[in-house]
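Q: Could you walk me through this one? I'd like the overall layout before we get to any details.
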Amino acid sequence: MPKGQKCKFWEWVDDELPLRVTTLISNLKNENEALRRERNLLLMKVVEIESVLAADVAKIEDFKELDNVKGDNDVSKEKIDGGLVFVKKSSPKKWNIIGMVWCCLVGFMCAWMMK
């Protein structure tokens, strides 16, 4: 071939890979694709969960706004939103007092019955 000309056709010939290597490469490609599909599925689930949590946060913010409103009964306030009822818990001090009164009543009744 003269110095100024280049070859227009060039063929590369490799030895054929063993069957074990070909199978291994194919399995690795399939595993890689399965992992990509699983990752995409998990990412979609994360987006779904984040949207649900964002909606819950919005509901909680709406409920917090109710705390600023003074009503006739400050012990519990209700808000109905999409069939859900949110009830504000009453103060723990009130439940402590109720519990102590109940215990005293039971104690007096036990003492009275033992006489």
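A: From the N terminus on, the elements of the protein chain run α-β-β-α, which comes to 2 helices and 2 strands; helices (H or I, at least four residues) and strands (E, at least two) are DSSP runs, numbered from the N terminus. This is a predicted model, in which local features need pLDDT of at least 70 and side-chain atom pairs count only at pLDDT 80 or more, while totals for chains, interfaces and linings use all residues. Residues are numbered from 1 along each chain as its sequence is written, and side-chain values use heavy atoms, with hydrogens and water left out.

Q: How many of the 115 residues count as buried, as a percentage?
A: Of the 115 residues of the protein chain, 3% count as buried, where buried means under 20% relative accessible area, exposed over 50% and partly exposed in between (1.4 Å probe, protein chains only).

Q: Switching topic, how many disulfides does the structure hold?
A: The structure holds 0 disulfides, a disulfide being a pair of cysteine sulfur atoms within 2.5 Å. Cys103 is in no disulfide, and the nearest cysteine sulfur, that of Cys104, is 7.0 Å away.

Q: Is Cys103 buried or exposed?
A: Cys103 is exposed, with a relative accessible area of 53%, whereas Cys110 is partly exposed, at 40%.

Q: And where does Trp102 lie?
A: Trp102 lies in helix α2, which covers residues 92–114, and Trp102 is exposed, with a relative accessible area of 56%.
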